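Dear colleague,

Please find below the structure that I am handing over to you. My findings follow directly after it.

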Amino acid sequence: MTALPAALAATAEAFAGVEFDLVLGDTVARAPREDVVELLEAVRDTGFEMFVDLCAVDYLTRDPRFEVVVNLVSVSHSLRLRVLVGIPGTDPTMPTITAVYPGANFYEREAFDLFGIEFLGHPDLTRILLPDEWEGHPLRKDVSIGSVPVQFKQASRAL
Amino acid sequence: MSDPPDVATGDSEAQKAPRAESGSADRRTVHDLWLSGTEAPRELGLFTDEGAQEMLVEESDEILAGQLGTIIEDDYERPAGSVDDELQIINMGPQHPATHGVLRLHIELDGETIRRVKPIIGYLHTGMEKTAEALTFMQGSTNVTRMDYLSPFHNELCFSLAVEKLLEVEVPPRAQAIRVLMSELNRIASHLLWSATTGFDVGALSMMIYGWREREPLLEFFEKTTGLRMNHNYIRPGGVAADLPAGWREDVAGIIGTVESGLADFEKLLLGNPIFIGRTKDVGVLTRDECLAYGVTGPLARASGIDYDIRKVFPYSGFEQYDFEVPTTSNGDVYDRFLVRFEEMRQSMRIAQQVMETIPDGDYRTEDRKVTPPPRARIDESMEALIHHFKIFTEGFKVPPGETYQAVESSRGELGMYLVSDGGPKPWRLHVRGPSFANVQSLPMMLTDSLIADTVAALASADPVMGDVDR
C-alpha cells in the first residue's frame, strides 16, 4: 500500500477486506464481490464520479477463475482507480453495479454476453453483441476461436 | 401533436390532467415536453419498462438522487382503459442511412414525441477481442486499427502505449512527436467527416461536399506517410513504422491552410444560419451529471461542461510539452457539440504546428532489438540480427506478465485498452473500451421526450462509429 492517493485513504481504512495496491503506476483495489457495491458507493462519494469501463478476464487456471475489472475516473481529483473483483468459475455471479453507476448497464451486458458472468439485480441482462440464440460465451478461454465451415465449389476434388 | 382519443372511455381530458399539472410545477418531470428556453435542469428519466431502457431501477432512486442531486419522478402512466395502439413502436435502422452504420434504435412514439428509446447494437460484432488473443503483440495493431475506422491512429497509439507500458520500453522522442502529429491530424480528419455528415443530417447538404473535400488532403498525407488511406498499422509497439516522408512540413502546412479556410467557411455557413440553429439549439441535451453517470467522454462531455481531456489530465506520448486549450461549453446540445469540435480542430492544428517547430531528430522507433526488427542490411552481416529477425516474425516478442489500462483521447472520447499478458507473445486478454459504446448508451438520455424529428440530429451529434461500438 505505497503512495495511495490521499482521496482514497479514508476508504482504504473503512474497507479492511479491500486490498489497495499500485500496479505499473495505476491505483488498483482488489475487492471481494460481497463488498464491491459498498466499496463503489464509497469511492463514488469520495469523488470518483465518472464510470469508465467494466470488463471481465478469464484466467482459466487461476482461482478465482474470472476477474471483473471496473475502471473509474475522478475528474475532480484527476485520478484513476481500477477495482478488481474475483469471480469463481463454479459460481459466476456478481451483484450489479448499475445502481451505483448506471453507465455500467451495457458493460455488464457485454460481460454477461461474452463471459457468462451473471450480474444479479441487473435490469436487463440479455445478450448485447451476439444474437440472442447464440450458445456459449465466446471470450471464455475454453472456447476455441473456431471457424465456420465454408463450402467451396469443387472442394472435395481439390483435396 | 394531439393525444389520440381514448377509445375505451372517451375521457381524454382526464388522461391529460396529470401531465399538465406536473408541467406547471417549477421543476420539470421527465415526461414533460421538453421546450427550448426552459431553465429548469433536465432530470434523469425513469424508464419504466423492460430492457436496457430500465437504466434506473426504482430501488436505486435514493442512491441516484444522492449522486445526481435530483429526485426522480415518473409521471407517465398509461391511463386506465386506454388501448395499446396509442403508442407506436418504430425501428430506425439497422439499414437506416442516418444511423451512421448498423445501429438500430427501437423507438416508442406517442404521437411525435419519443417516449422510450432502446439502442440495439451488435450488428457489426466480429469478435475482434477474441481475434486479438490469437495475434501476436506485433500483429495486434493491424487488428485494433480496424475497430474505430475513423480514428485508426488513436487505436494503434493506445494499443502500442499499453504494450510499451508492460514491456517498459522507452520510445524515442521523434517517434513520440510523430505519433502526436499523426493522431492530431487524424482528429482533424475525423471531425471534418463528422461535420460533413452531421451537417448533412441537419439539412446543410453542401456540408457533405465541403467536409469531405477538406478531409481529402489529410487522407493523401496519411497515404503518403503510411501507404494506406485508412487502417494504417503505422504506429506500432516500439515506435512508428516509417519516418515522415520528404516534404512533410510543406504538406502539413498546406493541410493547416486548407482546414483553416474550410473551418472559416463552415462557421459562416452554419453557425449563424437560422435553420441550422433551429435544428440544433437545445436538441439532444445531455447534462453534466448524465455524462458522468453514463461514462460519456470526449466532445460530448466537453459540450456539457466537463473539462476532461485525457491529453491534459493523464498526458501520454509527450502531450504535456504542447500548448493547447481544451474547449468546453455548457449547454450540452447539438449546437455546442459543433462549437466544441470546430475549436478542437483549431487546437489540433496548433499542436501540429508546434510539432513541426519542435520535432527532434533521431530514431523513429526504439532500437531495442527484442521489439524492433533489425534493418535488412544487418541481417546479412550479423547472426544475432538474423536470429532477432526470425524470432520476431515467427514467434513474436514476449511481453512480461501483468495487466494495464491505457487510455488515449480519441476523436470520440476516452479510448481505453485493458491489456493482460501472461508472459507469452500474444495478449491473454485485450479489452477495448470504445468511446462510442458509452456514447451510444447515452442516446436514451438525449432522446427521451424530444420530438422524433430531432432523433437524427441528436444521434449524429454523438458521432458513433459502429466498428468501435461492436468491435
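**Findings**

In chain B, residues 24 or more positions apart account for 70% of the contacts with a separation of 6 or more. The corresponding share in chain A is 52%. Please note that this is a predicted model.

**The two chains**

Chain A consists of 159 residues, of which 55% are buried. Its secondary structure comprises 4 helices and 7 strands, arranged from the N terminus as α-β-β-α-β-β-β-β-α-β-α.

Chain B has 471 residues, with 60% of them buried, and contains 19 helices and 8 strands. Chain B exposes about 17,700 Å², of which 53% comes from carbon and sulfur atoms.

**Pocket and cavities**

The largest pocket holds about 590 Å³ of space. Its lining is made up of 26 residues; Asp26(A), Lys165(B), Pro315(B), Tyr316(B) and Gln406(B) are the ones that lie nearest the centre. At least two lining residues come from each of the following elements: S2 and strand S5 (79-87) of chain A, and helix H5 (152-167), helix H6 (173-201) and strand S6 (402-410) of chain B. With 4 residues, S5(A) gives the most to this lining.

There are also 4 cavities of 30 Å³ or more in the structure. The second largest cavity has a volume of about 110 Å³. Among the residues that line the second largest cavity are Met138(B), Arg236(B), Pro237(B), Arg365(B), Val371(B) and Phe397(B).

**Strand S2 of chain A**

Strand S2 covers residues 26-31 of chain A and includes Thr27(A). Thr27(A) counts as buried because its relative accessibility is 8%, and the limit for buried is under 20%. Leaving aside residues up to four places away in sequence, Thr27(A) touches Leu4(A), Pro5(A), Leu8(A), Asp21(A), Leu22(A), Arg80(A), Leu81(A) and Arg82(A).

**Salt bridges**

Over all chains, the count comes to 38 salt bridges. One of them is formed by Glu403(B) and Arg30(A), whose closest N and O atoms are 3.9 Å apart. Glu403(B) lies in strand S6 of chain B and Arg30(A) in strand S2 of chain A, so this pair joins two chains. Glu403(B) is buried at 10% relative accessibility, whereas Arg30(A) is partly exposed, with a relative accessible area of 30%.

Within chain A, Asp58(A) and Arg65(A) form a salt bridge with 2.9 Å between the closest N and O atoms. Asp58(A) counts as buried at 2% relative accessibility, and Arg65(A) counts as buried at 13%.

In chain B, a salt bridge links the side chains of Glu381(B) and Arg378(B), at 3.2 Å from N to O. The two residues are 3 apart in helix H14 (residues 376-381), so about one helical turn separates them. Glu381(B) is exposed at 59% relative accessibility, while Arg378(B) is partly exposed at 40%. Elsewhere, salt bridges with shared partners join Glu184(B), Arg187(B), Arg302(B), Asp309(B), Arg311(B), Glu344(B) and Glu409(B) into one network.

**Backbone geometry**

Asp63(A) and Pro64(A) are joined by a cis peptide bond, with omega of about -5 degrees. Pro64(A) is placed in the loop between strand S3 (50-58) and strand S4 (66-74) of chain A.

Although Glu168(B) is not a glycine, its phi is positive, at about 55 degrees. Glu168(B) sits in the loop between H5 and H6 of chain B and is exposed, with a relative accessible area of 64%. Arg471(B), likewise a residue other than glycine, has a positive phi near 50 degrees. Arg471(B) belongs to the segment after helix H19 (466-470) of chain B and counts as buried at 2% relative accessibility.

**Surface patch**

Met383(B), Leu386(B) and Ile387(B) form a nonpolar patch on the surface, and their accessible area together is about 280 Å². Ile387(B) is located in helix H15 (residues 383-394) of chain B. Ile387(B) is partly exposed, its relative accessible area being 44%.

With kind regards

Definitions and conventions: Residues numbered from 1 in each chain as written. Chains lettered and ligands numbered in written order. Predicted model: local features only at pLDDT ≥ 70, side-chain atom pairs only at ≥ 80, totals over all residues. Heavy atoms only, no water. Buried < 20%, exposed > 50% of the residue type's maximum accessible area, 1.4 Å probe, protein only. Contact = heavy atoms within 4.5 Å. Patch = residues over 30% accessible without salt bridge, like charges linked within 9 Å, V, L, I, M, F, W, Y side chains within 5 Å. Areas by Shrake-Rupley, 256 points an atom, 1.4 Å probe, with all protein chains shown as cover. Salt bridge = Lys/Arg side-chain N within 4 Å of Asp/Glu carboxyl O. 1 Å grid on protein atoms, 1.4 Å probe; cavity = no way out; pocket = protein on both sides within 12 Å on 5 of 7 lines; lining within 4 Å. Points joined across faces, edges and corners; volume = space filled by probe spheres on them.
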